Amino acid sequence: MPLYLSKFTYTPETWARLIARPEDRREAARTNIAAVGGTLHGFWYAFGAHDGYLLWEAPDNVSMAALALAINGGGAMSSWETTVLLSVEDTLDALRRAAQVGYRPPGT
């Protein structure tokens with residue numbers, strides 16, 4: 001299954017709710033990811049541009065998109081970004097295929 005790295009930022013209202021009533025959000029993430037047939041591999045909070053990161057897998061990009069749409073529609077996040085992660089083996093396969101493309105840069 002494809003691996004995904006998601007970065008999220010909570011809204012100020014979400015942080016206020018969590019301060020008033022602390023809650024471990026890993027189980028919610030695990031349940032939501034399982035609902036699209038995926039598995040949560042890690043959940044971390046962080047300092048910086050994003051409040052947290054998730055490492056997870058899902059059967060396909062449509063399942064990943066369904067989860068992202070559901071979460072974004074919930075209003076608790078001010079941002080949610082997901083990156084598809086490629087294994088080294090998949091990258092090597094892509095490199096081999098790239099050699100077959102025959103791309104020509106503009107002006108050459």
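I began with Glu-81, which forms a salt bridge with Lys-7; the closest N and O atoms are 3.6 Å apart. Glu-81 sits in strand β4 and Lys-7 in strand β1, so this pair ties together parts that are 74 residues apart in sequence. I note that the model is predicted. I looked up accessibility next. Glu-81 is partly exposed at 37%, and Lys-7 is partly exposed at 21%.

I then went through other salt bridges; the count comes to five. Arg-25 and Glu-23 meet at 2.7 Å, N to O. Arg-25 has a relative accessible area of 29%, and Glu-23 has 45%. Arg-26 pairs with Asp-24, with the closest N and O atoms 2.6 Å apart. I find both partly exposed: Arg-26 at 41% and Asp-24 at 45%.

I turned to the largest nonpolar core, which has 18 residues. Phe-8, Leu-40, Phe-43, Leu-54, Trp-56 and Trp-80 touch the most other members. I see at least two core residues from each of β1, α2, β2, β3, α3 and β4. α3 gives the most, with four. I checked Phe-43 beyond its neighbours within four places in sequence: its contacts include Phe-8, Leu-54, Arg-25 and Arg-26.

Leaving out residues up to four places away in sequence, I list among the residues Glu-57 touches Met-1, Pro-2, Tyr-4 and Ile-33.

How values were computed: Residues numbered from 1 in each chain as written. Predicted model: local features only at pLDDT ≥ 70, side-chain atom pairs only at ≥ 80, totals over all residues. Heavy atoms only, no water. Core = buried A, V, L, I, M, F, W, Y, C linked by side-chain atoms within 4.5 Å. Buried < 20%, exposed > 50% of the residue type's maximum accessible area, 1.4 Å probe, protein only. Contact = heavy atoms within 4.5 Å. Salt bridge = Lys/Arg side-chain N within 4 Å of Asp/Glu carboxyl O.
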